[in-house]
There are 2 protein chains.
Amino acid sequence: MKRREFVINTSIATAGALAAPSLINLAGNNSKLNVAIIGMGERGRSLLSILVRRNDTNVTAICDVEQAVLDKSQKMMADRSKKAAKEFTGSTEAWRELLNEDLDAIFITTPWVFHAPMAKAAMRAGIYAGVEVPAALTLEDCHELVAVHEETGVPCMMLENVCYRRDVMAVLNMARKGMFGEMMHMECGYQHDLRHVKLNDGVSPYGHGVKFGDEGYSESKWRTPHALHRNGDFYPTHGIGPVQQMLDINCGNRFVSLSSFATKSRGLNEYIIEHGGEDNPNANLDWKLGDVVTTMLKTTNGETVMIQHDTSLPRPYSLGFRFQGTKGLWMAVNKSLHIEGLTEPHRWEDAQPHLNEHDHPLWKKYSGDAEGAGHGGMDWFVINGFLEACKRGAQTPIDVYDSVTMSAIIELSEQSIAKGSMPMEFPDFTGGKWVRKKNEFALDDSF
Amino acid sequence: MKRREFVINTSIATAGALAAPSLINLAGNNSKLNVAIIGMGERGRSLLSILVRRNDTNVTAICDVEQAVLDKSQKMMADRSKKAAKEFTGSTEAWRELLNEDLDAIFITTPWVFHAPMAKAAMRAGIYAGVEVPAALTLEDCHELVAVHEETGVPCMMLENVCYRRDVMAVLNMARKGMFGEMMHMECGYQHDLRHVKLNDGVSPYGHGVKFGDEGYSESKWRTPHALHRNGDFYPTHGIGPVQQMLDINCGNRFVSLSSFATKSRGLNEYIIEHGGEDNPNANLDWKLGDVVTTMLKTTNGETVMIQHDTSLPRPYSLGFRFQGTKGLWMAVNKSLHIEGLTEPHRWEDAQPHLNEHDHPLWKKYSGDAEGAGHGGMDWFVINGFLEACKRGAQTPIDVYDSVTMSAIIELSEQSIAKGSMPMEFPDFTGGKWVRKKNEFALDDSF
């Protein structure tokens, strides 16, 4: 018998307030978790570097089609005196066998198109699914992820690390204290010049070169073809994740409609010509992705949200956060805030002292543990949240509804752009449960 | 015979490229201009303070329904040893008589609803119409302003001062040198906490108090009822003016569609309750204006523009400019820019040294003259541009097409919001002439 078994908490299921039954993992809190990673590329090994430092987790299985990255992963484990993991490789279907292992949790760090199928299969195998962003590329997969979760009772958490960014959590903490008043308008987005990531030399992930697709390496191999063929916001989750927490989306509030607007496409083509010349075979392709895609969302509680995708033009990195309520606002780009009665009227004030003062309890408790982990420590928190939920047999801090709500923006934005920026109805993935569901994300310092 | 007479330059009219015939004012360059001001409130007297310092202009007529502001205006002129102006008062129709005076130009600084009727009447009387923002509140008035201009050949310029803001003109100068590459995405807006302007004590314009409408004074009397009854972006011109110049709108480019999104309304009501108490008769009114209204525009050349109206919440003033092209971007809120090859990759750089280096020729030439004039000197430039065009019998630097394009956002945004953020077709006010019309705004240091 496998060590993973779940008991449905019938009292909660009967109450009907939550789709996800409360879960109790019979493994209990004392034994270590057995976890697997599918996809040992840059992202998989970055998560592995955090996992090998944990005492509560054994990485017992790893999977990739490329032997070289499996070797690198085993070395990382050996360097920390960890037992070698069982390897699954040989084809893009090898991961299916991995699901027969005795596992508590799986990290899915593969190219985008595999995320949803793997997460669904993991849940069906009774394994906590920790899936990299986005959880799904299509609305159909969003709906299916919810359906499989509701069938199986097994949690699926999209590993949206920015929900745990230190400044974002401090601002969430301030908002929950009422310091911004009632939320009104939010802005966010993925604004990151990825030209050197989308195009490379086919050998190193972030080197020079203008190759992609079959000739590219790492992200340029699988991410860039999306930009050639599709137009929409493919990467909304880093921006919208914190916004959803702040607005209690799916918990007394929900997105009701979405409209998207794309500029023309210039950035990748100009980059290829500049770095590869006019005669390069990749010059003058018909890139479908607009260089700046702006999406507007409306909520049933009357807030508006602007989210942007801006990854093919020269610009400084920014997630563009603006959280604005009736009493004030925080903006990330100028690192400032304004709060009526607290800061000087009509003036910005440096946000940092306020962020320090209202540092989230989780960061106060765990900043030492998170030090050195990827993306300023937030990767440590998102992994920790997922694994601690798994140890307790509890719902994950970001649940399947949160995950697919963030991910649904991808296809909805494509549809809106294709229809001349028509407003698209935003699906209610909770099936009406949002009216009673409570926001339980990071309410204290537990996980 | 009146001194104003216009001769159509038939060579240009025949070419058909421009709707506005080239005008020659028979008064010539040597005699002074006779100008009038309708509306001697805060804004009218602010313009008057600039006019009384000019040697090329006589303010020969002033009009207002309130004697006190006429008296203040006469005193301002007397203090500069200027001849008293003829007064028109007694009713809200008194301005019609003023049009029989021997005038070269009129400044219209009245409440919004009078702008378009007065501008039309001025053109019909053969008088250059300089109208405060916005030029019109309705699409019908936008179309009529164009029709009257095309009938009469008389210029109508909306006095959009922000087109002349020093940083904006420097960035325009940089853009025209190609430093930002091809323009892609623009942001702008009127973000100004006006609660103390929209509500006052009925005696002083910016005092305390929570009165408005019949009981209010100055802007609270006529501006605030719009917020009670309507939902849209009522004040788009300060933001969109510079964007239009940067994107060559109506000159080889045009807006093709618009979608608007409004938050709920909270700010004014909370302000009234805080400053006037729960029992105040103005507490708990049903304010229609959403506190943050975000509007997205698309252009025929493939750029997107975001414009916001945010005037009822506590926040620092900002017109929110972001001008982004294929080679870099400027943002106003963090006073920074990024230009590929010029600034450090992936980093912001202080914009000011670049703005200084690329100071617009007009500012280089006239900054001394503009010193001390309203709104950081830009009011001097917009008045100067208008009057210099008038002296030359030339088209104004901001023409009627520019003016109504900026103003049309008001009703279009209302329509879109009323229809659930549906995209609205943006009218082509030029009747197709935009495909050949050239952008002649501030090409050199003349005016």
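1. At 14% relative accessibility, Lys391(B) counts as buried, where buried means under 20% relative accessible area, exposed over 50% and partly exposed in between, with a 1.4 Å probe and protein chains only. The side chain of Lys391(B) meets that of Asp56(B) in a salt bridge, 2.8 Å from N to O, and Asp56(B) is likewise buried, with a relative accessible area of 13%. A salt bridge here is a side-chain nitrogen of Lys or Arg within 4 Å of a carboxyl oxygen of Asp or Glu. This pair links distant parts of the chain, since Lys391(B) sits in helix H15 (residues 378–392) of chain B and Asp56(B) in the loop between H2 and strand E2 (57–63) of chain B, 335 residues apart. In chain A, salt bridges that share partners join Arg54(A), Asp56(A), Glu388(A), Lys391(A) and Arg392(A) into one network.

2. On the basis of the note: this is a predicted model, in which local features need pLDDT of at least 70 and side-chain atom pairs count only at pLDDT 80 or more, while totals for chains, interfaces and linings use all residues. Residues are numbered from 1 along each chain as its sequence is written, chains are lettered from A and ligands numbered from 1 in the order in which they are written, and side-chain values use heavy atoms, with hydrogens and water left out.

3. Chain A holds 16 helices and 15 strands, which are DSSP runs numbered from the N terminus (helices H or I of at least four residues, strands E of at least two). Its radius of gyration, taken over C-alpha atoms, is 22 Å, which agrees with the value near 22 Å for a compact globule of 447 residues; the globule rule is 2.2 Å times the number of residues to the power 0.38. The C-alpha trace of chain A spans about 60 × 60 × 40 Å along its principal axes, and 63% of the 447 residues in chain A are buried.

4. Glu219(A) pairs with Arg223(A), the closest N and O atoms being 2.6 Å apart; Glu219(A) counts as buried at 18% relative accessibility, and Arg223(A) is buried at 7%. In chain B, Arg45(B) pairs with Glu42(B) at 3.7 Å between the closest N and O atoms, and because the two are three residues apart in helix H2 (residues 42–51) of chain B, about one helical turn separates them. Arg45(B) counts as buried at 11% relative accessibility, whereas Glu42(B), at 30%, counts as partly exposed.

5. The contact between the chains (heavy atoms within 4.5 Å) takes 52 residues from chain B and 52 residues from chain A. Together the two chains bury about 4,400 Å², 57% of it on carbon and sulfur atoms, buried area being the accessible area (1.4 Å probe) that two parts lose on being put together, summed over both. Lys264(B), Pro316(B) and His346(B) supply 14% of the area that chain B buries against chain A, more than any other three residues.

6. Across this interface of chain B and chain A the rule finds 10 salt bridges, and the side chains of Arg266(B) and Glu182(A) meet in a salt bridge of 2.9 Å, N to O. Among the elements that give two or more residues to the side of chain B that touches chain A are strand E7 (183–191) and helix H8 (195–198) of chain B, and E7(B) gives the most, with five residues.
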